[in-house]
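Do keep the viewer open while you read.

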Amino acid sequence: MRWLRRSRPAYAVRGVEPQRSSDGWDVFPGDALAGLPAVAEAAARLPQDPVLEDLPDYLSVATRDGREWTLGFDDGMLIVFDLSHPGTDVFEQVLKAAPWTESVERVDREVFLFTTTGVLTADVVLAHCVDVCGEVFRRLGGSSPT
């Protein structure tokens, strides 16, 4: 009975089941999206540095509607992108400058809330975020923390 099935939201990714948060957000862990073409291509564009190996695995994106998104970082990536201290804003500046974002807010040490210019799928959003990570890494000097 095909008509009984819930239609997939426009931001859904075929073959990837999001985790539903208690407040109704669909959470897409980066490791679930890492093997998809858009994300793999973005990861291939990253600077060649061991600290960025498997970067998508340390990120997650979440949405309720495909336009309002969060990007979350695992704690191990905070120092890499200078996110360890509130008030550092290189990442926020680069994310705001991206042509696919309309608004950006850092809501926690490791979480950014942003609105996209249109509805995007989770893999495309994560791929864009990986590109932003690469740009931030270059701006910060592009070397592994010691």
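1. The sheet is open and has six strands in the order 1-2-3-4-6-5, with antiparallel pairing. Its edges are strand 1 (19–20) and strand 5 (101–108), each of which pairs on one side only. Strands here are DSSP runs of E with at least two residues, helices are runs of H or I with at least four residues, and both are numbered from the N terminus. Two strands pair if DSSP finds at least two bridges between them.

2. Before going further, a word on the source: this is a predicted model, in which local features need pLDDT of at least 70 and side-chain atom pairs count only at pLDDT 80 or more, while totals for chains, interfaces and linings use all residues. Residues are numbered from 1 along each chain as its sequence is written, and side-chain values use heavy atoms, with hydrogens and water left out.

3. Strand 1 is joined by two bridges to strand 2 (residues 26–29), and the two run antiparallel. Q19 stands opposite V27, and R20 has D26 as its bridge partner. The two strands make a hairpin with five residues between them, and G24 in the turn has a positive phi of about 90°. S22 is also in the loop between these strands. S22 counts as exposed because its relative accessibility is 84% (exposed means over 50% relative accessible area, buried under 20%, partly exposed in between, with a 1.4 Å probe and protein chains only). Its C-alpha atom is separated by 18 Å from that of A12, 10 residues apart along the chain.

4. V27 is partnered with A62 in strand 3, and F28 with V61. Strand 3 is mostly covered, with four of its five residues buried.

5. Strand 3 then pairs with strand 4, again antiparallel, over five bridges. V61 stands opposite L71 in strand 4. These strands also form a hairpin, this time with four residues between them, and G66 takes a positive phi near 90° there.

6. Which strands does helix 3 lie across? Helix 3 (residues 90–97) lies across strand 4 (68–73), strand 5 and strand 6 (111–116), and runs at about 160° to strand 5. Helix 4 (residues 122–139) packs on the sheet as well, touching strand 2, strand 3 (59–63), strand 4 and strand 6, and its direction makes about 135° with that of strand 3. For the angles, axes are lines fitted to C-alpha atoms, for helices over the stretch in contact, and values run from 0 to 180 degrees between N-to-C directions.

7. E92 deserves a look. It is found in helix 3 and counts as buried because its relative accessible area is 17%. Not counting residues up to four places away in sequence, E92 touches V104, E105, R106 and F112, where contact means heavy atoms within 4.5 Å.

8. Next, the second largest pocket, with a volume of about 150 Å³. Its lining includes A43, D54 and P56, and the lining residues divide into seven nonpolar, one polar and four charged. (Ala, Val, Leu, Ile, Met, Phe, Trp, Tyr, Cys and Pro count as nonpolar, Asp, Glu, Lys and Arg as charged, and the others, Gly among them, as polar.) A pocket is an open set of points on a 1 Å grid over the protein atoms alone, where a 1.4 Å probe fits, with protein on both sides within 12 Å along at least five of seven lines; lining residues have an atom within 4 Å of a point. The volume is the space filled by probe spheres set on the points, which are joined across faces, edges and corners.

9. A43 lies in helix 2 (residues 37–44) and is partly exposed because its relative accessibility is 27%. Leaving aside neighbours within four places in sequence, A43 is in contact with P56 and V130. The C-alpha atoms of A43 and D54 are separated by 7.9 Å, with the two residues 11 apart along the chain.

10. Finally, please check two backbone angles. D54, in the loop between helix 2 and strand 3, has a positive phi near 60° without being a glycine. D82, in the loop between strand 4 and helix 3, has a positive phi of about 55° and is not a glycine either. Are these residues buried or partly exposed? D54 is partly exposed at 47% relative accessibility, and D82 is partly exposed with a relative accessible area of 30%.
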